Amino acid sequence: MAYSQPTDDTFFIESDEPMQSRMSAQSAAKMIARKRQDIIGSELSRLAGEEYLEDIMDHMKQMEMETLPDASLIDMQREIQWFMRPYLIDFIIEAHAAFALLPETLFLTINLLDRYCSRRVVYKQHYQLVGCAALLIAAKYGDKKDRVPQIHELNNMCCNLYDAGMFTQMEMHVLNTLEWTIGHPTVDFFTQLMVADEHDEADVEHMAAYLCEIALYHRDFVSTKPSMMARASLALARAILGRPEVTDSEWDHNENLTLLTLSQHLQQPSLTLARKYSTPNFSRVSQRLEAFMEEQAAMARRAAQPPTPAVEIASKPADIYSTPVKGHGAAVGFEGYLTPPITPDGPHFQAQKDAYPAPRCPVTPVHQSHPNVYPSHQQQNMGYMGMHP
């Protein structure tokens, strides 16, 4: 079979100029069309959001109640204790930052962890494994595929304490226990809505996120609704940064209690978390919170040690016929001794000075009789004991 040869002499001539101009024109046309599609899509989303916003919010509020963990059930765990929680949260935050996952992935991970621990008995040696499985599920649910952690990467972070089969088995066990109900309106979701509605600045948003992650370490907020936590964290963030409070509606008793409890857990946050929020990307809010707490402590010390009020001495005319008194520190026209200094010095008054120590808010207690579960993620190799319902 004969093949016809091309008659055009320029067929094999390599010339990129016409092709480049043609490709650049096509790329520009595609870019313009893509921008138009994005504009149209954004406008349609805005219109649909305004139309269905009330229904969406009702659905989200129903979901947050259905997927809310019960802290009292976690109290019934036999081996894992609340003093172990900060070590696991530190590990999850480090892994979350290492893989550059979305903010809502972190909150969804802790929600899956707490929901599983409120339904199943968890052994101490499997506590970190449950946290890794929750992180895998949350990342697969909301993050991009190329950012989902690999099992061998998580195992390296766990110092090769587990094998690949244990991660897969635990992941399936968590999903079956939760009946494959993964969706949960996180506190980050409600925070974004409130920030957009109230036009808060970026540093207020970053401070609120920092306060919400501080709350992850404490039992007091395990059963707190995400919408309530978002509102309390934003109000407290505005107060810390000196911004005016938004009075959109009245606060009920539970919201006031959440705000007060959150304000009592700001002393000495996790060093891992403080280091995360000390970068310019997060407006260095951890350093600003530390400065605010130091200022509050100084004000409390001044309030606990009020200065002695000055004594007004009534002037008395000198008696020219009396014998002059020569005492220590005697002054002309004054009989007797001078009033002692307002702030007394010396060992006699040190006891009174130390009687008013600066108040400190309590932090998460660390059980002294138990060793750290995950100090610096150095763990000993322990046998796999299986899953028990």
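Rings of Phe, Tyr and Trp (its six-membered ring) form an aromatic pair if their centres lie within 6.5 Å; planes under 30 degrees apart count as stacked, over 60 as edge-to-face and the rest as tilted. The model shown is predicted: local features need pLDDT of at least 70, side-chain atom pairs count only at pLDDT 80 or more, and totals for chains, interfaces and linings use all residues. Residues are numbered from 1 along each chain as its sequence is written, and side-chain values use heavy atoms, with hydrogens and water left out.

**Figure 1. The helices of the chain.** The chain has 14 helices and zero strands. Helices (H or I, at least four residues) and strands (E, at least two) are DSSP runs, numbered from the N terminus. Of the 389 residues, 37% count as buried, where buried means under 20% relative accessible area, exposed over 50%, and partly exposed in between (1.4 Å probe, protein chains only).

**Figure 2. The pair of Y162 and F167.** Four aromatic pairs are present in the structure. In one of them, the ring centres of Y162 and F167 are 5.9 Å apart and the planes stand at 90 degrees, so the pair is edge-to-face. Both Y162 and F167 are buried.

**Figure 3. The pair of Y210 and Y277.** Y210 and Y277 form a tilted aromatic pair, with 5.0 Å from centre to centre and 35 degrees between the planes. This pair links distant parts of the chain, 67 residues apart: Y210 belongs to helix α9 (residues 202–215), and Y277 to the loop between α12 (271–276) and α13 (285–304). Y210 and Y277 are both buried. Together with F282, Y210 and Y277 form one aromatic cluster.

**Figure 4. A charge over a ring.** R231 lies over the face of W251, at 4.3 Å from the ring centre. A charge sits over a ring if NZ of Lys or CZ of Arg is within 6 Å of the ring centre and within 35 degrees of the ring normal.

Figure 5. A237 is placed in helix α10. Its relative accessibility is 0%, so A237 counts as buried. The C-alpha atoms of A237 and M207 are separated by 5.5 Å, although these residues are 30 apart along the chain.

**Figure 6. The largest pocket.** On a 1 Å grid over the protein atoms alone, a pocket is an open set of points with protein on both sides within 12 Å along at least five of seven lines, a cavity is a set where a 1.4 Å probe fits but cannot get out, and lining residues have an atom within 4 Å of a point. The largest pocket has a volume of about 560 Å³, a volume being the space filled by probe spheres set on the points, which are joined across faces, edges and corners. Its lining has 22 residues, of which M57, K61, F190, L193 and M194 lie nearest the centre. By class, the lining of the largest pocket has 11 nonpolar, one polar and 10 charged residues. Ala, Val, Leu, Ile, Met, Phe, Trp, Tyr, Cys and Pro count as nonpolar, Asp, Glu, Lys and Arg as charged, and the others, Gly among them, as polar.

**Figure 7. The largest cavity.** The largest cavity has a volume of about 270 Å³. Of the 20 residues that line the largest cavity, F107, L216, F221, V222 and T224 lie nearest its centre. Domain 1 (71–178) and domain 2 (187–302) both give residues to this lining, so the largest cavity lies between them; the domain bounds come from an automatic or database domain assignment.
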